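Hello,

Here is the structure I promised to pass on. Please look it over first, then read my notes below.

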Amino acid sequence: MTLPRATILSLLCVPLALTACTPGNVCIGDCPDALGGDGDDESTSSPTDGMSSDPTTSATEIEPGGVASTGGASDTDTNTDDTTDDTTTGTPLCNIGFEDDFQPLDNCGDGVQNPREFCFVEGGSTGFDTSIVSAWPAAVDGGGVDILVSNFDHTITAMLDGPADTLDYSQQIWKSGLPSGRTITLTGAGDLDGDGITDVVGHSSDAEDGPPEILWLFLISPDGSLKTSQNFGVGPLAFGPAVVDFDHDGNLDLVAVLAEDETIVAVFGDGAGTFDLDPLGTAFGPHQQLALGVLDPDGTADDFVLTTETGLIVSPNPSGPMPVDLGVPALFHAVEISELNNDGRGDIVVLFDDLTTGFTTLGVLLRTEAMGAPQFDISFYPVRCGATVFALGDIDGDGALDIAASGPDNTIVSLRRGDGQGKFDEIVHFVLPSPADRLFIADFNGNGAGDVLAVDLAGGNLGILENTP
C-alpha cells in the first residue's frame with residue numbers, strides 16, 4: 001500500500017469558520033466556558049502563550065509569560081499586557097485568538113534536514129474495512145518506523161515500511177496465537193527477548209467494550225512476522241501494560257495496574273524470552289489517567305504520575321505519593337513523563353480543560369529538585385479547544401522535544417515547538433488527514449525527520465503527515 005505524498009500542505013494561516021477568527025489567526029475558542037459564557041463573545045486578546053496561574057489567587061487571574069511553583073511558595077511572573085481582557089470580571093475567554101508564530105515551510109525542498117525546519121507535505125490516509133482497536137509504532141524490520149494495527153477480528157496488521165524513504169507499506173496479518181473473540185489493545189514496545197528486534201505488548205478483553213483481562217506480549221521475527229505470543233491472565237486493568245526495566249536487572253519487564261484494587265502487577269523478563277507474573281502490592285487510589293516514566297534520581301522509568309478529580313499525584317518518590325496543585329480546576333485528558341530541558345530530572349506534561357476559562361491547555365511541569373520530594377515550575381500553553389491527545393517528539397530536528405495536540409472531533413492539530421529548555425512558546429496549526437484518537441511522532445518514512453501519525457479509531461483510518469526536507 002502506497003500512501004500519497006506530494007502537494008505542500010495548506011497551513012491554517014487563512015480564515016477558519018470559527019467564532020472571532022480573523023485572517024492569519026487560529027482561534028483557541030468555540031468552546032463553552034465555566035463562567036456562564038457560551039463561547040460566542042466577540043472580544044479577542046493578545047497571545048496567551050505560556051500563561052501561568054498563581055495557585056494562591058483566583059484561578060481566573062491569568063498572566064502571560066510567567067510560571068508558577070508548586071511544592072512550596074508560589075512565584076508568579078507579574079508581567080502583563082495592556083491589551084488583555086479583564087479576566088477577573090468573569091469575561092468569557094474561549095475566543096482568545098493567536099497567530100501562528102513561525103512559517104513551517106521555510107528552507108524546505110533541498111533534501112537536507114536542517115535544525116528547526118518543518119517540511120510537512122500533505123499526508124495520506126489508509127483505511128481499514130472495519131474500525132480498528134489500536135495502533136502502535138515500532139521499528140521491527142529496518143527502514144522507517146513500522147505501524148502495528150490491531151483489528152476487531154482479533155488479528156494484528158503489521159504495516160512494514162521498506163528501506164526507501166517513502167511511505168510504501170507492505171502488510172502482514174498476524175493470526176496465529178491471537179484469541180478468537182477478543183480485541184487486542186497495543187500499549188508498548190521494546191526488545192523483550194534480546195534478539196535486537198522490537199517486540200510489542202498489549203491487553204485484551206472479552207468483547208469490544210469489555211474490560212481488559214489478559215496481558216499479551218508479541219515477539220517479532222526480523223522480517224516483521226509474528227514469532228510467538230504469550231499471555232497472562234490478571235483481571236481488569238486500569239493502566240498498561242507498559243514496557244520498563246522495573247526490577248533494575250537490565251532486562252525489560254511489563255508493568256500494569258489492576259482496576260479493582262489499584263494493585264501493581266508485573267511480568268518480569270529475563271531478557272531471553274522467559275517471563276514470570278508477580279503482583280507487587282497496592283499502589284494508588286482512584287484516578288483518571290496514569291503515566292509511567294523517570295522522575296526519581298535513579299534514572300529508571302518506574303515512577304508513576306496519576307490524575308485525579310482534584311489534581312495530580314506523583315508516586316512513588318522518596319517522600320511517598322505527593323499531590324501537585326495546578327492552581328486551576330481541571331478536567332484531565334492525558335499525562336506523560338518525559339525529559340524536557342535536559343537537566344537529568346523527570347518532567348511532566350498534562351493536557352486538560354481549564355474549567356474556569358474553558359481553555360484546552362498543556363500544563364508543563366519542570367522538576368526543580370534533583371533529590372527528595374519533587375517540586376515543579378508550571379507553565380500553561382493553550383491549544384485548540386477539543387484536544388484530548390498529545391504526542392511528544394522532535395519534529396524539527398533541533399534536538400528538543402516538540403508537542404502536537406489534537407482530538408477526535410476535528411483534524412486541526414496545534415503544534416508547539418520546544419526550545420530545549422522546557423518552554424513551548426511557538427505554535428503553528430495544520431490539518432491531519434484523519435481525526436486523532438491517538439497521536440504519535442516518529443520517523444515513519446526513514447528520512448531522519450519526525451512525522452506525525454493520527455489514529456482514527458472510529459473511522460478505521462491512519463493519517464500520516466510526512467516531514468520531508
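A salt bridge here is a side-chain nitrogen of Lys or Arg within 4 Å of a carboxyl oxygen of Asp or Glu. Keep in mind that this is a predicted model: local features need pLDDT of at least 70, side-chain atom pairs count only at pLDDT 80 or more, and totals for chains, interfaces and linings use all residues. Residues are numbered from 1 along each chain as its sequence is written, and side-chain values use heavy atoms, with hydrogens and water left out.

**Salt bridges**

By that rule there are seven salt bridges. One joins aspartate 343 to arginine 345, with the closest N and O atoms 3.9 Å apart. Are these two residues buried or exposed? Aspartate 343 is partly exposed at 31%. Arginine 345 is partly exposed too, at 28%.

Another salt bridge pairs aspartate 193 with lysine 227, at 3.0 Å from N to O. Aspartate 193 sits in the loop between S11 and strand S12 (199-205), and lysine 227 sits in strand S14 (residues 226-233), so the bridge ties together parts 34 residues apart in sequence. Strands are DSSP runs of E with at least two residues, numbered from the N terminus. Aspartate 193 is buried, with a relative accessible area of 12%. Lysine 227 is partly exposed, at 42%.

Next, look at aspartate 396 and arginine 417. Their side chains form a salt bridge of 3.8 Å, N to O. Aspartate 396 is in the loop between strand S27 (389-393) and strand S28 (402-406), while arginine 417 is in strand S29 (residues 412-417), 21 residues apart. Both aspartate 396 and arginine 417 are buried. Salt bridges with shared partners join Arg116, Asp396, Asp398, Arg417 and Glu426 into one network.

**Backbone points**

Arginine 116, from that network, has a positive phi of about 65 degrees, although it is not a glycine. Arginine 116 lies in the loop between strand S5 (97-99) and strand S6 (120-127). It is partly exposed, at 36% relative accessibility.

Glutamate 262 also has a positive phi, near 60 degrees. Its place is the loop between strand S16 (253-258) and strand S17 (263-269). Glutamate 262 is buried, with a relative accessible area of 12%.

Which peptide bond is cis? The one from glycine 240 to proline 241, with omega near 5 degrees. Proline 241 is in strand S15 (residues 237-244).

**Cores**

A nonpolar core is a set of buried Ala, Val, Leu, Ile, Met, Phe, Trp, Tyr and Cys residues joined through side-chain atoms within 4.5 Å. The largest one has 30 residues. Ile147, Leu148, Val149, Phe218, Leu453 and Leu462 have the most contacts inside it. Elements that give two or more residues to this core include strand S8 (146-151), strand S13 (212-220), strand S32 (451-456) and strand S33 (461-467). A second, separate core has 20 residues, among them Ala291, Val314, Val324 and Phe352.

**Asparagine 467**

Asparagine 467 is in strand S33. It is buried, with a relative accessible area of 0%. A polar atom of its side chain lies 2.8 Å from the backbone nitrogen of cysteine 119. Leaving aside neighbours within four places in sequence, asparagine 467 is in contact (heavy atoms within 4.5 Å) with residues including Gln113, Phe118, Cys119, Ile395 and Asp451.

Best wishes

Methods: Buried means under 20% relative accessible area, exposed over 50%, partly exposed in between (1.4 Å probe, protein chains only). Helices (H or I, at least four residues) and strands (E, at least two) are DSSP runs, numbered from the N terminus. A polar contact is a pair of N or O atoms within 3.5 Å; within protein, one must be able to donate a hydrogen and the other to accept it, and residues adjacent in sequence count only if both atoms are side-chain atoms.
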